[in-house]
Amino acid sequence: MNTGKRVVPGQCYSIVIAFSLLLLLAAGPAAAVEAGGPPGSPSATMTIDGKQIPAPPQEFKGKIGRTADQSTPYWPARIMPPKGAPNVLLIMTDDSGYGVTSTFGGVIPTPALDRIANNGLRYTNFHSTALCSPTRAALITGRNHHSVGFGVISEQATGFPGYDSFITRDKATIGRILKDNGYRTSWFGKNHNTPSFQASQDGPFDQWPIGMGFEYFYGFMGGDTNQWEPANLARNTTYIYPFLDNPGYNLTTAMADEAIDYINRLNALSPEQPFFVYYVPGGTHAPHHPTPEWIQKISDMHLFDKGWNALRDEIFANQKKLGVIPPDAKLTPWPDDLLKKWEQLNADEKKLFLRQADVFAAYVAYTDHEIGRVIQAVEDLGKLENTLIIYINGDNGTSAEGTLNGTPNEVAMFNSVDVPVEAQLKYFYDVWGSDRTYNHMAVPWAWAFDTPFSWTKQIASHFGGVRQGMAISWPKVITDKGGIRNQFHHVIDIVPTILEAAGVGQPEVVDGIKQSPIEGVSMLYTFDKANANAPSTHKTQYFEMFGDRALYHDGWIASTKVMRPPWVHFPPKESVLEYPWELYDLSKDWTQAENVAAKNPAKLKELQELFWKEAEKYQVEPLDASIVTRLITPRPSVTAGRDVFTWTRPLTGTPNGDAPSVLNTSYNFKAEVEIPQGGAEGMLITQGGRFAGYGFYLLKGKPVFLWNLVDLKRIRWEGPDPLSPGKHTLEFDFRYDGLGMGTLAYGSASGIGRGGTGVMKVDGKVVAEQKMEHTIPFILQWDENLDIGSDTGSPVNDADYQVPFKFTGKLVKITLSIDRPKLTPEDVKKLQAAHRNNKASE
């Protein structure tokens, strides 16, 4: 490298000799290092005991004199994991139940998961928490989901320790532990473990991946994303938009490319450096967004032509052949009282539902294919032999959040809007899975994909919601290739397994904070073929989600009866403490097919009492059966306590959880702009996108305010004339007719989703006025942002513009004023009376 300074050859030679002598002098007595060069040399390495991280400063064992030539340098040793520690590739897919993959009897080809299973072990008795954020929090901490503040997803957080979405600093993640023990750590894909109200560019970043010990992050923030236009995609702490001007972009492939580049980069820079890669793609959470090629490939296989009931039978038979369920396992009955059988459907329904299943299956196969590319990259570098690969299929059971008929827009579903089959066929069938849909499939498919169990995602009491197929390979250690392990285990067992495999202990202190014990147990004993049938070391495990709950103990499970199907958005009438209980003897009944509570009342009582002990121990209380109403619960975001918001320059990428909400309230937008000669157009302020949201913009010079009502209807206010050059004040005022979200405290949704009247003004003059009969009650499109001065993600109206639609005038100031409804004493009396009457009639 040319530094611009002339180096005399003799001078360079003298420097080299002097430095070599200093290193020899520094060697001295041998230091306690496990590998590497001489102590104090630049190549010195050491392994720490890991009880305190970061490790205390190393003692300087050189010599310091008055001048450098009277001194002896001594470099701190570089911290490395124990010799022989494996690389770790931890993979988990999303919303995928036990019967989805070919590895566990499903009909959808998943060769990457097959590869890991055939080169290692299949685990048939492994469990999640029944929901996304909670499972992921448990997975990366080794502790139960309530213990780390994730009793529910972060978007439903409430102000209780088990539910506030804060992973407290006494519970360091696997990323942090491995990083401080010398691993290179990274996270690719879904991050659903940052509080939704701390996801903006303002931070704080201590609970973003890089703040939790993952040195590199490339993924999306939140529960899901549009794989074609992921507006919540971030690299480390910066939101990025690589899909712009990039036709054919799909995050599923882009993420694999990023991970492969990262692994190769590490290998090029430091081939001996162990890595930990946490790889968690969005597949197969809705929206189901595979490429057209994968849709065609799966459709041509005609996997689902016989319908969901025949599919269950086929999967069940496959599972017995593979040995991933016992020979005497029973197929749980089809819920005739809840779901139609395939033969009861008409031709239109069958046509639509087959399309939904084909696209879902294509997404499964596509996701697995891209995972396979990452695994192959590890092998191509010659690192597969000493890489521990853990591949978990699903963070919960298959999702039944698509409604009974499926939906072209998941955002509509969460706002309690069902799209009729006829409308889906007419408007969305041909684009199903493309960027024009935020699609999800009908509930019966989810039930079938959880074969042989009953129920689905969200249900913690029954295995359809929590049983996950998992495969683990580590060629250097696992010799029982293709073996099956049936021991009961849970996601909290992954962290202690990785730590034992790496030879790294749990730290006692991290950043000066005493650590709470890891709550899982290691599964490493199962790697030994001699322990193939050893008793499980995980004896007791509670399950709880939205009040639905269970307690597993030594081969028995006590489960509450499912009182609310997952596709119903409001809690049951019964108190959460009044749910009936069921009992299953899993030693004889693998699938929870026979309730034996009446025959074993003493055992049931024992497990019920044990549940409450575990609940108290792990912060499960207070139980809460509410669902979508938690989405609009006020949280401590940067907007909390504020009613007026001002922007004086463009700002894009503020996530929903950090943006002011205009749902269920009156509000006023005032935009002060300067229009140049020749006119202007572009976005002033917007929140949401193609699948729900609003936008205030100039189109060909005319002011427009538009509400996108979950992509089914758009309400538009538009000025009659283009704005003349010069300064203007544009205003949109909305007066809400309802009582607001305060009614929810009295068990009434009467105050939300009501209509109102919108008025647009230009320079104080009314130019457009109309009434909206209904408004969005619960949530805008969550993977989109609040943007000022341009639009990220997707447009609220494709017919008007395409992103980024940058405003071409001068944005002087935008002010949003919110006037939230307040209940009067008379309102409260009426609500209380109605609540009493409803309770009396139950």
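## Aromatic pairs

A pair of aromatic rings is described by the distance of the centres and the angle of the planes. In this predicted model, the count comes to 52 aromatic pairs. One of them is formed by Tyr216 and Tyr262, which are stacked, with 5.5 Å from centre to centre and 15° between the planes. This pair links distant parts of the chain, since Tyr216 belongs to strand β7 (residues 216-221) and Tyr262 to helix α5 (residues 251-269), and the two lie 46 residues apart. Tyr216 has a relative accessible area of 14% and is therefore buried, the cut-off for that word being under 20%. Tyr262 is buried too, with a relative accessible area of 5%.

Another pair, that of Trp308 and Trp342, is edge-to-face, with the centres 4.9 Å apart and an angle of 85° between the planes. Here again distant parts of the chain are linked, and the two residues are 34 residues apart. Trp308 is in helix α7 (residues 308-322), and it counts as buried because its relative accessibility is 1%. Trp342, which is placed in the loop between α7 and α8, is likewise buried, at a relative accessible area of 7%.

## An aromatic cluster

Tyr667, Phe669, Tyr694, Phe696, Phe705, Trp707, Trp717, Phe732 and Phe734 form one aromatic cluster.

## Charges over rings

Tyr216, already described as the stacked partner of Tyr262, also has a charged group over its ring, for the charged end of Arg265 sits there at 5.8 Å from the ring centre. An arrangement of this kind is found at Tyr429 as well, where Arg355 lies over the face of the ring, 5.5 Å from its centre.

## Helix α6

Which residues of helix α6 are buried? In this helix, which covers residues 292-299, they are Trp294, Ile295, Ile298 and Ser299. Seen down the axis of α6, these buried residues fall within an arc of 130°, and so they line one face of the helix.

What does the buried side of α6 pack against, and what does the face turned away from it carry? The buried residues pack against α8, whereas the face turned away from the buried side carries Pro292 and Glu293, which are exposed.

How values were computed. Residues are numbered from 1 along each chain as its sequence is written. This is a predicted model: local features need pLDDT of at least 70, side-chain atom pairs count only at pLDDT 80 or more; totals for chains, interfaces and linings use all residues. Side-chain values use heavy atoms; hydrogens and water are left out. Rings of Phe, Tyr and Trp (its six-membered ring) pair if their centres lie within 6.5 Å; planes under 30 degrees apart count as stacked, over 60 as edge-to-face and the rest as tilted. Helices (H or I, at least four residues) and strands (E, at least two) are DSSP runs, numbered from the N terminus. Buried means under 20% relative accessible area, exposed over 50%, partly exposed in between (1.4 Å probe, protein chains only). A charge sits over a ring if NZ of Lys or CZ of Arg is within 6 Å of the ring centre and within 35 degrees of the ring normal. The arc is that of the directions from the helix axis to the C-beta atoms. Contact means heavy atoms within 4.5 Å.
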